[in-house]
Amino acid sequence: MSRAFGKKSIFVKKRRRPGRLFTDINTCLVKDVRVLIASLGFAYHHVMASANRCRPGKIVLATVSPENDRTKNAVEELGLYAKAIQAQLETKTLNPEDFWTCVGDAVELFSERHEYYLDIGGGVRALALCLFTAATLAVAHLDADLRAVYTMAEHSEKVVEIDLRPLLYAGRLLDPRAKSRRTLLKTLEQNQPPEDSARKILREFEKHGLTKNGKPTPATYALLKILHLRQR
């Protein structure tokens, strides 16, 4: 269970690793540090909004222009905020002009045994895309414990939380051998009760964000649309 919200991790971990001990700015020993990685431009309130949700012990600010005066001001303001919530603050300079080099540098940010949260609500779009790609690769291939991804809906100024589980499950669902899974998904779409033999698959769907309390999630309809388009 997540200590931040009391809900399950958005990803199913293959195994539980022993946490490491780290010392924060107040020399308090903490285990399994919550790390918020945030793309940063000139605005910084989105980082605070995300941090208020996940309560990190460490904030890493990824930016393309650390020498810019407005970026420096944002870092200073976040430094005061981090001190107030007793969190470490670090900055990481990334250059998204070379996309895959940037992804390779960014994936290292997700390589420790922590609980990770990603905020891509600020900074240039190319940087946000690099961080999102790096996080997806780290979850899929490094078993990174990514609990949530946040961005901003600028038109409403609301934080949007993204569930990546369906994205990582799509390949299994679209596999030619997964006919029973696709059939069950279409059954749920039509609001028909599933057969008793489908309980195992229903539990699998629940773990990967395709159902909640036995009902399809919005991700289900997105994946079903892909299925329909493939069959054209």
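**Terms and their grounds**

Mentor: Please bear in mind that this is a predicted model. Phe99 has a relative accessibility of 26%.

Trainee: Why is Phe99 called partly exposed?

Mentor: Buried means under 20% and exposed means over 50%. Phe99, at 26%, lies in between, so Phe99 counts as partly exposed.

Trainee: What makes Trp100 buried or exposed?

Mentor: The relative accessible area of Trp100 is 56%. Exposed requires over 50%, therefore Trp100 is exposed.

Trainee: How many aromatic pairs are there?

Mentor: The count comes to three aromatic pairs. Among them are Phe99 and Trp100, whose ring centres are 5.2 Å apart, with the planes at 90°.

Trainee: In what order do the strands of the open sheet stand?

Mentor: Six strands form the sheet in the order β5-β4-β3-β6-β7-β8, with mixed pairing. β5 (88-93) and β8 (158-162) each have a single partner strand, so they stand at the edges. From one strand to the next, the twist averages 20°.

Trainee: How do you know that β3 and β4 pair?

Mentor: Pairing requires at least two bridges. Strands β3 (residues 34-39) and β4 (residues 58-63) have five, in the parallel sense, so they count as paired. Leu36 stands opposite Ile59 in β4.

Key: Residues are numbered from 1 along each chain as its sequence is written. This is a predicted model: local features need pLDDT of at least 70, side-chain atom pairs count only at pLDDT 80 or more; totals for chains, interfaces and linings use all residues. Side-chain values use heavy atoms; hydrogens and water are left out. Rings of Phe, Tyr and Trp (its six-membered ring) pair if their centres lie within 6.5 Å; planes under 30 degrees apart count as stacked, over 60 as edge-to-face and the rest as tilted. Buried means under 20% relative accessible area, exposed over 50%, partly exposed in between (1.4 Å probe, protein chains only). Helices (H or I, at least four residues) and strands (E, at least two) are DSSP runs, numbered from the N terminus. Axes are lines fitted to C-alpha atoms, for helices over the stretch in contact, and angles run from 0 to 180 degrees between N-to-C directions.
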